Amino acid sequence: MSRKKLSRRQFVAATALSSAALITAPYVRGAYAAGKLSIGFWDHWVPGANDTSKAVVMEWAEKEKVDVQIDYITSQGDKNLVTIAAEAQAKTGHDLFSMPTWWPHANSEQLEPLNDVMEPLIKQNGEVNGTVKYLGQLDGKWLAVPNCLGSQIKGPCSRIDLMKQYANIDVQEMYPAGGPPKADNWTLDTFLKAAEACHKGGFPFGIGLGLTSDNVDTAGAIFQSFGAQLVDAKGDISVKTDAVRQALEFYKKLIAFLPPDVAAWDDASNNKWLVSGKGAMIMNPPSAWAVAKRDAPQIAAQCWTHGFPAGPKGRFAPYLPYFLTLWSFSKNKEAAKSLLTYISQPAQIERLVNASGGYDLPAFANLTTLKVWQEQEPPKGTLYHYPNPYNHQTLSIAASPAPPKIAQQIYFQATLTKMCLKYYQGETMENTLAWAEGECEGFMRS
Amino acid sequence: MVDVTLQPNRVGTTHAARRRNGLRNALGRKSTVAFLMALPLIILIGVLVVYPAFYALHLATLNKSMSKFVGFGNFEFLFKREIFWMVVRQSCLFAISAVIFKALIGFIVAHFVHNVPAKKQRKWRGMLLVPWVIPPAMSTLAWLWLFDPSYSAFNYTLGLFGIGPISWLGEIGWARFSVILVNVWYGAPFFMIMYLAALKSVPEQLYEAAAIDGANWWQRIWYVTLPMMRNIIAITTLFSLIVTFANFDITRILTNGGPLDHTHLFATWAFRVGIESSDIPLGASVSLFMFPILAIAAVFILRDISKRGNEA
């Protein structure tokens, strides 16, 4: 075996080349020069919506030379909530995480402030609504950036034919496609009369009183329409007020006109109620209509999404935003902030909303009149009023304006629907209020 | 002395040899081999059971924001909550009634299967084990559709006879009945298979002797079968009690704790408090409260078994 000898010149040249390569390596812009970024997105239930969000992120990643990993985490069985809790405990996991409603506040100590992202976005895309501020901000610090993926309004979705036939209400005339609402008479009194008429006609409104989100959201909006708060913005218990009493009285009348099993309803029950053709109205984002479009097109063609009825203290609609949050333990905060800005550009938001068929709602004021809501059919314009384009209702979340960490417990313990059921099932008003007061006292833990 | 002088390394060599022999002896011992073979499982249990248990204990001593040690503060808080005691009562009602029915049905079905000719027995055993083999989350979804508030197949069938409709999951009594029923359906095959194994190990001579003594069917069960099965009944009951107390999926899927929290168990309420309401220390405290209840049950049942073992 012959062995090649390395000359002194060759050795020096090789050493010089390797040193130069090592020194300049960090400055060479390789395929993933800007590091890695992992994202936990909410797993969308609209087919194809995940593909669009992935495409948007990958475009950014290619431009910025970031190695991105996306996990789509379902909210079925609260898997996303369990993952958030696990990552918060372990202080490791994704860099960016899609958190629903209350979770930015629940994890506020572990989230990176995002004022430097949000302030330019608000300047560019318009103001965000009060619920986004309430859930996404703490002491002037933005904990998260509102994200359209999964954000929704749970307003009424009515059957045009049944509302006309039994309640003598033309929902299309009240909320015309392409024009502002003419809904001055659309009050809780009218709503109650319509509920009674449809119940008599054999098509009751499908409003649940179970323990899950859809049930609580409707109760929250109705309570707010009466000005009823269990805990006020300062954190003081305000259960024993006339407003709460009025809301309970209203619900007692309403429950009599609802299906008899509403106490057991979950978030799927109202969808099934509409799609099966058994009810004249449900409170839901357009997912039920989208399912009907696929499975029962004759019912979908009669659906119209519109605004909430107004109460003595205003017109409120349940709004549940999702946020993109940046964990403070993230190792690539700059890249994450760059992506947050990119994904919140009007063009990207429009792509995402289109991919969801109009289900997703942007939080920014300038982005509530996208074409997709005007074009969706059948019937044409059915989703026109879904994003609240004329701001004629206040977007709110149940249990607000209590401090979010208290409100989250009122919300998830379903205190509002439980109060309504207790009172309806024969508990006295004072006992119901006393029970709710006791519950709220327990939620004050810090 | 001469040896030592001539072979200065001998002491060290002997020690090393003795050490080697010691290791060989240790490895040769059955108990060491058994320990080494069980070690992977011990490590697994340590990582997946012991560590989380201690971590849960640690969490249960923190305040809601997990920034301060509060000792037993979370338990003191829980003891003052009406809903906590409701969950305790419901968990006991759920676990005890479900275990009694599972044991009863398992015992009866095991006797039926035991009396089936050996050839056909395998088919029956296989079929009867199906509920226990299907993942409970899946089978409970099927039950949910049967109980569905608006489209219940049970109500449809009852309606054909002019009965109902029953709000299976919407009324407190029926909702409790439904979750217990599904748990019994899921768990009875386990009892059946354990009891069947126990029945097969009862010596036939005992029954023959009893028959000669003129014992009737009931006396044979009471004086022969049951005493021979006592240990397996005790162990199965304890095991099932632990699993049923800690049940989560059936209640979570069927009722989510409703109506009005009247079907919440420790696990479902711990999840509601800990994960959904973001109060992890309180959730940990709720789930830990199961531990003393089950520990007391375990002590009594296992003491009884070991006492009988000593008597034997």
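A crossing of two helices is called right-handed if the near helix is turned clockwise from the far one by less than a right angle. With that in hand, here is a friendly tour of a predicted model.

**Helix 5 with helix 15 in chain A**
- Helix 5 (residues 115-125) of chain A packs against helix 15 (residues 333-343) of chain A at an angle of about 20°, and their axes are 10 Å apart.
- Angles under 35 degrees count as roughly parallel, and helix 5 and helix 15 of chain A are therefore roughly parallel to each other.
- On the helix 5 side of chain A you will find Asp116(A), Val117(A) and Leu121(A), which meet Lys337(A), Leu340(A) and Thr341(A) of helix 15 of chain A.
- Sorted by class, the residues of this contact are three nonpolar, one polar and two charged.

**Helix 19 with helix 20 in chain A**
- The axes of helix 19 (residues 415-424) and helix 20 (residues 429-442) of chain A come within 9 Å and cross at roughly 160°.
- Helix 19 and helix 20 of chain A are therefore roughly antiparallel to each other, and their crossing is right-handed.
- Helix 19 of chain A brings Thr415(A), Met419(A), Lys422(A) and Tyr423(A) to the contact, while helix 20 of chain A brings Met429(A), Thr432(A), Trp435(A), Ala436(A) and Glu439(A).
- The residues of this contact comprise five nonpolar, two polar and two charged.

**Strands of chain A**
- Three strands of chain A make an open sheet in the order 8-7-9, with antiparallel pairing.
- Strand 8 (281-283) and strand 9 (303-305) of chain A are the edge strands, each pairing on one side only.
- Neighbouring strands of this sheet are turned by 20° against each other on average, direction ignored.
- Strand 7 (residues 156-159) and strand 8 of chain A pair in the antiparallel sense over three bridges, and Cys157(A) has Ile282(A) of strand 8 as its bridge partner.
- Helix 13 (residues 287-295) of chain A packs on the sheet and touches strand 7, strand 8 and strand 9 of chain A; the direction of helix 13 makes about 155° with that of strand 9.
- Elsewhere, strand 1 (residues 36-42) of chain A runs parallel to strand 2 (residues 67-73) of chain A, joined by seven bridges.
- Ser38(A) stands opposite Gln69(A) in strand 2 of chain A.
- Strand 1 of chain A is mostly covered, with five of its seven residues buried.

**Where the chains touch**
- In the contact between the chains, 29 residues of chain A meet 22 residues of chain B.
- Helix 3 (79-90), helix 12 (269-275), helix 18 (404-412) and helix 19 of chain A each supply at least two residues of the side that touches chain B.
- That side of chain A has 13 nonpolar, eight polar and eight charged residues.

**Backbone details to look up**
- Pro378(A) and Pro379(A) are joined by a cis peptide bond with omega about -20°; Pro379(A) lies in the loop between helix 17 (371-375) and strand 11 (394-396) of chain A.
- Another cis peptide bond joins Ser400(A) and Pro401(A), with omega about 10°, and Pro401(A) sits in the loop between strand 11 and helix 18 of chain A.
- Ala414(A) has a positive phi near 55° and is found in the loop between helix 18 and helix 19 of chain A.
- Ala414(A) counts as buried because it has 26 C-beta neighbours inside 10 Å, the cut-off being 20 or more.
- In chain B, Asn256(B) has a positive phi of about 55° although it is not a glycine.
- Asn256(B) is placed in the loop between helix 12 (249-254) and helix 13 (266-276) of chain B, and is buried, with 22 other C-beta atoms within 10 Å.

Note on methods
Residues are numbered from 1 along each chain as its sequence is written. Chains are lettered from A and ligands numbered from 1 in the order in which they are written. This is a predicted model: local features need pLDDT of at least 70, side-chain atom pairs count only at pLDDT 80 or more; totals for chains, interfaces and linings use all residues. Axes are lines fitted to C-alpha atoms, for helices over the stretch in contact, and angles run from 0 to 180 degrees between N-to-C directions. Helices (H or I, at least four residues) and strands (E, at least two) are DSSP runs, numbered from the N terminus. Angles under 35 degrees count as roughly parallel, over 145 as roughly antiparallel, 65 to 115 as roughly perpendicular and the rest as oblique. Two residues are in contact if their C-beta atoms, placed from the backbone, lie within 7 Å. Ala, Val, Leu, Ile, Met, Phe, Trp, Tyr, Cys and Pro count as nonpolar, Asp, Glu, Lys and Arg as charged, and the others, Gly among them, as polar. Two strands pair if DSSP finds at least two bridges between them. A residue is buried if 20 or more other C-beta atoms lie within 10 Å of its own, exposed if 12 or fewer, and partly exposed in between; C-beta atoms are placed from the backbone.
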